[in-house]
Amino acid sequence: MSTGPKVSIVIPAYNHEQFVQTCIQSVIMQTYKNWEAIIIDDGSTDRTPEIINRFAQRDRRIHFVRQRNAGVVKTDNRGLEMSTGKYVSFLASDDFYTPERLEKLVPVLEKNSQLGFVCSDATYVDDLGNSTGLVMQPVAKQNFNLPKAQRFKQLLRGNFVIALSVLFRRNFALAVGSLDESIPNVEDWDLWLRLAAKHEISFVDLPLCYYRRHSQNSSRNFLAMYEGQRRTLLKNVKSLSVIERIVLTMQILARINYELGNSYKLVNAKPRARLAYARAFMLQPLNSDFRTALFSTIRNSSLKNDDVK
């Protein structure tokens with residue numbers, strides 16, 4: 001497919017010499033040909049810039065920029081500002097697309113000018129590119145069939161949009177303020193919420209991209225992730241009525257505290273897990289999962305103290 005509006009693919013790259021070639025090749029192999037790739041090397045210290053430059057020399061649709069390390073969010077925003085396409089996607093330099101991705105998604109946006117973005121399912125792959133299963137659970141797909149207001153509330157409760165899979169309207173994203181650089185870790189969720197609050201969104205039930213899970217994936221501080229979720233919630237819940245705002249805020253804060261507790265528990269940070277579970281329980285004392293998790297950590301702590309005595 002050679003006709004249609006231009007699509008911009010923004011690729012922030014950092015020390016991914018092992019994966020960046022596959023990433024770029026997946027863009028070049030798109031059956032939809034009217035695209036540009038804006039690849040920004042974010043201060044890599046390996047061969048990543050050399051590999052990117054080789055592709056940029058051969059294909060004028062690839063625009064290569066190097067910068068000092070600024071982080072993914074600032075780099076994505078820079079790429080968005082540089083883009084000239086009607087539609088934009090963010091693509092991490094260790095992930096990649098199926099050849100037909102743009103051909104499947106662009107017509108969806110072209111047919112409905114009210115859509116803020118369209119997204120799809122994705123496939124998990126390992127270091128070697130071997131499939132390890134689909135990313136999206138069936139229950140999450142049902143959210144896209146809900147009325148706009150109800151779908152927005154579901155998106156507030158938890159991010160069911162796969163960032164890698166999203167193709168969005170550039171002008172709509174710029175109008176709502178692009179990515180918020182003050183809330184890293186969940187900046188994509190925040191942008192989808194702001195777009196979903198104002199526009200319709202759509203879903204194509206096909207795995208059109210590959211999300212790579214490997215040892216080099218960016219590690220995330222549990223507390224920083226929690227804080228990002230908390231700030232995103234409080235920022236986006238303002239569009240609801242007062243009653244809805246109070247009820248949803250308590251429910252969602254309880255859930256993310258519970259998830260924080262689970263994360264701490266996995267790394268054996270039991271006092272921090274107990275504190276997070278306590279916050280979840282205080283916000284939603286009738287929730288049996290929260291109550292069980294809290295009392296379990298208290299009981300285990302008491303048994304440990306008895307053993308020491």
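Analyst: The largest nonpolar core has 83 residues; those with the most contacts inside it are Phe117, Leu156, Val161, Phe168 and Trp192. A nonpolar core here is a set of buried Ala, Val, Leu, Ile, Met, Phe, Trp, Tyr and Cys residues joined through side-chain atoms within 4.5 Å. Buried means under 20% relative accessible area, exposed over 50%, and partly exposed in between, with a 1.4 Å probe and protein chains only. In soluble globular proteins, nonpolar side chains tend to be buried together.

This is a predicted model, in which local features need pLDDT of at least 70, side-chain atom pairs count only at pLDDT 80 or more, and totals for chains, interfaces and linings use all residues. Residues are numbered from 1 along each chain as its sequence is written, and side-chain values use heavy atoms, with hydrogens and water left out.

Leaving aside residues up to four places away in sequence, Trp192 touches Phe117, Leu155, Asn159, Val161, Ala163, Val166 and Phe168. Contact means heavy atoms within 4.5 Å.

Now the cysteines. The whole structure holds zero disulfides, a disulfide being a pair of cysteine sulfur atoms within 2.5 Å. Cys119 is in no disulfide, and the nearest cysteine sulfur, that of Cys209, is 9.4 Å away. Seen from Cys209, the closest cysteine sulfur is in Cys119, and the 9.4 Å between them is too far for a bond. Cys119 is buried, with a relative accessible area of 0%; Cys209 is also buried, at 0%.
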